[in-house]
Amino acid sequence: PLFNPAQDFLPALTPDNTEFVVLSFEGPDPYCRAGGLGVRVTELTRTIAAHGFETHLYFVGDPNLAPIEQVPGMPLYYHRWSQWISRHHPGGVYQGEMEKLHDYRATIPHHLLHERVMPAAKRGKRVVILSEEWHTASTACDVSDALWGAGLRDQAIMVWNANNTLGFEHVDFERLRFTQTVCTVSRWMKNVMWSWGVNPISIANGIPARRLDPSPLVDELAGMAQSYLKDRLTLGKVARFDPDKRWLMAVDAVAGLKRMKLPVLFVAKGGLEAHGHDVIQRALAMGLKVKDVRSDSRDPRVLMQTLLEAAKGADMLNIQFYLTEEISRALFSVADAMLQNSGREPFGLVGLEVMASGGLVFTGATGEEYARPWDNAIVLDTDDPHEIEATILSLLSRPKDTERIRKKGIETARQYTWDKIFDLMLRRLQYLALGREHPAAVDAKG
């Protein structure tokens with residue numbers, strides 16, 4: 001051949017020529033793990049760094065930890081931003097939200113220009129800047145303007161990602177679309193975002209591969225749970241207390257199963273949202289005995305024992321402590337079903353985590369595009385609690401179907417590990433780099 005297209009046109013992104021910067025309000029500290037975003041950026045940045053790329057995560061972190069911290073053994077650096085504000089707001093990342101947002105936007109662009117992109121350019125490296133959710137949208141646009149003003153815009157590939165439509169009313173999508181590539185996590189979100197005037201590229205969320213690895217501790221915790229719950233019909237739900245998550249549907253279904261004289265136990269882990277009060281009041285009104293489960297321990301065995309002891313005489317457990325990965329994996333595997341029955345779900349990360357644990361997951365029928373009805377999951381079509389009740393009864397009478405669905409779920413989860421998702425992300429980023437360095441080559445392909 002006269003030329004090698006891959007060599008001559010498609011610029012490979014390697015640790016030798018590329019660094020990563022991730023902007024996010026949430027992050028790896030318990031202080032700022034308010035939802036799925038904290039999990040996403042923690043695992044994504046660890047995966048990027050594990051592939052050898054120098055990676056910098058900027059987030060509103062714990063005010064009592066080091067401002068800059070390198071993760072041991074990895075080229076991954078945590079930058080805890082706005083700590084001087086967080087010291088006055090010990091309640092978490094979204095306490096004092098607007099003050100932090102103003103500080104983040106006022107200081108990040110100048111810092112990235114002088115501390116990340118300029119030094120990288122001198123070393124002959126480009127910088128991929130990935131910004132997450134509405135809190136970073138204006139900051140990302142300002143970063144683009146700062147780089148353009150310094151003549152360095154071509155040194156950065158800038159992507160803004162939406163995991164949810166929350167806060168979209170604060171986003172200047174026209175400016176965002178002009179300054180960077182817009183991305184999202186599912187085809188469902190892609191379709192929703194068309195109405196906001198953008199056509200984002202779609203790159204799925206992922207789960208860490210370790211969730212599929214054998215774990216003696218998880219097996220031990222699962223054994224503890226199984227011995228206590230073997231005579232209970234155990235259903236669970238892990239989600240923010242938000243009406244979109246259809247908590248009330250789940251509670252009503254549990255109450256319906258109890259009325260059928262089934263020994264049902266509902267293990268619930270929500271957040272601090274106000275809708276949690278409505279959920280608990282609904283459970284009590286439906287005749288469910290609710291117990292709040294609290295513990296100051298960090299020992300997974302102690303936490304599991306506390307949880308199981310509370311199950312005696314209870315219909316619903318309202319978990320008030322941080323659900324560690326080991327405990328969640330054990331509960332997902334032991335539960336008869338996890339009710340992740342959202343009515344409006346941009347992706348459904350917990351559903352994949354349940355599958356990876358060998359669990360049986362009930363999903364909604366929106367963004368959980370990995371879920372196939374009665375193949376690797378139960379996909380609910382309505383908001384009628386009787387659909388959950390009827391499906392549970394059907395599964396109890398067909399144990400072979402349950403076992404088959406669980407096995408298929410594990411196979412599906414293997415296709416969504418962060419390593420595989422990052423490989424797809426690199427391919428998308430190489431396309432964006434091609435457009436910068438050889439626009440005619442992209443134009444020729446339309």
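Student: In β12, which residue is the bridge partner of Val290?

Tutor: Strands of a sheet pair through backbone hydrogen bonds, either parallel or antiparallel. Here the bridge partner of Val290 in β12 is Met316, and four bridges join β11 (residues 290-293) to β12 in a parallel run; two strands count as paired if DSSP finds at least two bridges between them, and strands are DSSP runs of E with at least two residues, while helices are runs of H or I with at least four, numbered from the N terminus. This is a predicted model, in which local features need pLDDT of at least 70, side-chain atom pairs count only at pLDDT 80 or more, and totals for chains, interfaces and linings use all residues. Residues are numbered from 1 along each chain as its sequence is written, and side-chain values use heavy atoms, with hydrogens and water left out.

Student: Which other strand pairs with β12 in the parallel sense, over three bridges?

Tutor: That strand is β10, which pairs with β12 over three bridges, and within this pairing Ala268 has Asn318 of β12 as its bridge partner.

Student: Are the residues on the two faces of β12 buried or exposed?

Tutor: Buried means under 20% relative accessible area, exposed over 50%, and partly exposed in between (1.4 Å probe, protein chains only). In β12 (residues 316-319), Met316 and Asn318 on one side, and Leu317 and Ile319 on the other, are all buried.

Student: What is the strand order in the open sheet of eight strands?

Tutor: The order is β3-β4-β2-β1-β5-β6-β7-β8, with mixed pairing. Because β3 (68-70) and β8 (201-202) stand at the edges with a single partner strand each, one side of each is left without a neighbour in the sheet.
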